[in-house]
Amino acid sequence: MVISQDKVVSFHYRLKEEGGEIFEDSHKDTPILYMHGHKGMLTGVEETMEGKSAGDSFDVTVTPEKGYGRRREGEIQRVPKKHLLTKGKINVGQVVQVNTANGAQEAVVVKVGLKNIDIDSNHPLAGKTLIFSVEVIDIRDATAEELAHGHAHGVGGHQH
């Protein structure tokens, strides 16, 4: 079976910035799941996955345009601390999760105040060229429920 529209793919990856060290590695957890063709994966990775088979390993270089986008200037926002999903002491430069109308969003803290923080709402990886080392573990047909929901479900049901 090869990766194509409506296939559920499980895979592991290592991620590094172009010319840098690995800073993310999925191998210590369960494989990542996504349903191919439903925009649940970075465009650059999904395009390269097309046609691959279980057991395939490959590297893919993802430009900002096919990854997290270009950095946008003027994206500093003041957010009340109560909207943070990240708990504990907050420091400048820290990546935090902010509760937004569109769900959780990552941002970088640029200033910490008593009741508010200023964040750069660009994704922390915006503007970066990334290299993913991917290992395809398994491919299966999506279930009717997954197709209806538009995304893959993990072992035992939803993986939201």
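In what order do the four strands of the open sheet stand, and in which sense do they pair? The order is β5-β8-β7-β6, and the pairing is antiparallel. Strands here are DSSP runs of E with at least two residues, helices are runs of H or I with at least four residues, and both are numbered from the N terminus. Two strands count as paired if DSSP finds at least two bridges between them.

This is a predicted model, in which local features need pLDDT of at least 70 and side-chain atom pairs count only at pLDDT 80 or more, while totals for chains, interfaces and linings use all residues. Residues are numbered from 1 along each chain as its sequence is written, and side-chain values use heavy atoms, with hydrogens and water left out.

Five bridges connect β5 with strand β8 (residues 116–120), and Q77 has I119 in β8 as its bridge partner. I119 in β8 is also the bridge partner of V109. β8 pairs with β7 in the antiparallel sense over four bridges, and a hairpin through three residues joins β7 to β8. Strand β7 (residues 103–112) in turn pairs with β6 over six antiparallel bridges. Within β7, E106 is the bridge partner of Q97. β6 and β7 also form a hairpin, with two residues between them.

Eleven bridges join β1 to strand β9 (residues 130–141), and the two run antiparallel; R14 stands opposite S133 in β9. β1 also pairs with strand β3 (residues 32–35) over four antiparallel bridges, where V9 has Y34 as its bridge partner. Three bridges join β1 to strand β2 (residues 22–25), again antiparallel, with E24 in β2 as the bridge partner of L15. β1 and β2 form a hairpin with four residues between them, and G19 in the turn has a positive phi of about 80°.

Eight of the eleven residues of β1 are buried, where buried means under 20% relative accessible area with a 1.4 Å probe, protein chains only. In the protein, buried residues make up 32% of the 160 residues.

A pocket is an open set of points on a 1 Å grid where a 1.4 Å probe fits, with protein on both sides within 12 Å along at least five of seven lines; lining residues have an atom within 4 Å of a point. The space in the largest pocket is about 520 Å³, a volume being the space filled by probe spheres set on the grid points. The lining has 15 residues, and the closest to the pocket centre are G40, M41, L42, Y68 and H123. By type, the lining divides into ten nonpolar, two polar and three charged residues.

Taken as a whole, the protein has two helices and nine strands, in the pattern β-β-β-α-β-β-β-β-β-β-α along the sequence.

Methods. Ala, Val, Leu, Ile, Met, Phe, Trp, Tyr, Cys and Pro count as nonpolar, Asp, Glu, Lys and Arg as charged, and the others, Gly among them, as polar. Buried means under 20% relative accessible area, exposed over 50%, partly exposed in between (1.4 Å probe, protein chains only).
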